[in-house]
Amino acid sequence: MFTKILIANRGEIAVRIMRACKELGIKTVAVYSSADQNAQHVRFADQAILLGDATPKESYLNADKLVAAALQTKADAIHPGYGFLSENASFALAVESADLTFIGPSADSIRAMGDKAESKIAMKKAGLPTIPGFEGTGRESSAELMRMAKEIGYPFLVKAAAGGGGKGMRVVNNESEFNEAIESARSEALNSFGDERLLIEKYLPNAHHIEFQIFGDKNGNLVHLFERECSVQRRHQKMIEETPSPILTPKLREEMGQAAVDAAKAVNYYNAGTIEFIVDPLRSTFYFLEMNTRLQVEHPITELVTGFDLVQWQIRIAAGEDFPFKQMDFHQRGHAIECRIYAEDPANGFLPSTGKLLQFIEPAGPGIRVDSGFATGSEVTHFYDPLLAKLIVHAENRAAAIQRMQTALREFIVHGVVTNIDFMQTVLAHPDFAQGKVTTSWVEENFKEWNAVEPSVECLIAAALAEIVLADSKPRSAVSNETDPFNPWKLANNFRVSDK
């Protein structure tokens, strides 16, 4: 087993990986940019190395600096998390070339499946159904892309060839939208992944987005850990995920699970990965969409229904252990839902919200899990993805899980930035969600004019008190948390906000 691992990421996923390392008795190294010097993941690690300026290319996208930091701290391995360089084959190769272990698949598998264009070509050869489109080289001119688009017809989807997580993706409904979509997709792809290549494919607006988690070792032992329904999206960015999917029949689940395993075996895949499908529930048909050659943001819901710690097993497989489980060993137990809590304003086009977190109180209780990289006093900047936390619940069935999530959202207190918590409540309360009818275009179609409920006087008073408490820098080390007279939330004297 490794003695020390460098986590080449930030935020909640860095903290999540560090927790797994600590349980395995492994030391951790955090990396950070100048904007993240006081971030939660920096404080949680055993060591921390400053990479450089706040811009991703000077910090979390700088492969040379990451490898140098691992060598400097005498780490044995690097875990890339998700995003940034997690699906960059050159980075995986650079890690291995430095006699370090890359905790993930091989560089060859990343190159074959991490590239969206090449993966579609490989899956066609493997016999999987794929969405109509043009892969090309990804470097075609705008004129060439327009010619291809006219052949497949509008609407079509332009997407980053080397990307994931909804970044570098645009729906083009007509020719007037073409140039702006291509330009903005290229720019976002380059900034997010260091690669501006694009591909296009037919857009299926009334479909479901369902992915299958796969996992295996270097000896060919490979299984799927069932599906995740990811259809609640805005701008191709997932917002709510759940498992099991409310639309899959046992027969379709079995067919898609086998297709996911076949896809992974076609490129000799090992470690954690995800095969994503577009599903037409009316016809019970599915199409291969892409493969993410890394850990997914939404992996916790799979962990809750299977009891399988994906991150720990990522590390164990990378360290050389054999995968001892067979497909028959895995079963879905209960229902799990994840809500991504973002610092963004749904009433204003989901624009990111920045500032200092004056209060950040996470819900707790049976069946509630929060993966977070922030705390009260943390600064939310404009440099990175505005994900604050992942709120995950588990219950005996879907209806109970929805109720538990609604309760947990009510108890999640965030002051200092605008969040999407109220919007999540609106989605969960909608009859379409209760009936499992949400498609990938549902959010845009149903919430164009959504506005948050105005905060009550009580909430405004609470926020003001929180700001006063945070701004007060008087030393109070001798005062316990339970009796801190400066913090009304921790008083034991029946303090309450009154309307009288």
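Strand E12 (residues 237-243) pairs with strand E15 in the antiparallel sense over four bridges, where strands (E, at least two residues) and helices (H or I, at least four) are DSSP runs numbered from the N terminus, and two strands pair if DSSP finds at least two bridges between them. Within E15, Glu338 is the bridge partner of Glu241. E15 is also joined by eight bridges to strand E22 (residues 387-395), again in an antiparallel arrangement, and Val393 of E22 stands opposite Ile337.

This is a predicted model, in which local features need pLDDT of at least 70 and side-chain atom pairs count only at pLDDT 80 or more, while totals for chains, interfaces and linings use all residues. Residues are numbered from 1 along each chain as its sequence is written, and side-chain values use heavy atoms, with hydrogens and water left out.

Because eight of the eight residues of E15 (residues 335-342) are buried, this strand is largely enclosed by the rest of the structure; buried means under 20% relative accessible area, exposed over 50%, and partly exposed in between (1.4 Å probe, protein chains only).

Arg234, in strand E11 (residues 222-234), counts as buried at 11% relative accessibility. Leaving aside residues up to four places away in sequence, Arg234 touches Met239, Glu344, Phe350, Val443 and Glu444, contact meaning heavy atoms within 4.5 Å.

| Residue | Phi | Relative accessibility |
|---|---|---|
| Arg235 | near 55° | 49%, partly exposed |
| Asn271 | near 75° | 0%, buried |

Arg235 lies in the loop between E11 and E12, whereas Asn271 is found in strand E13 (residues 271-280).
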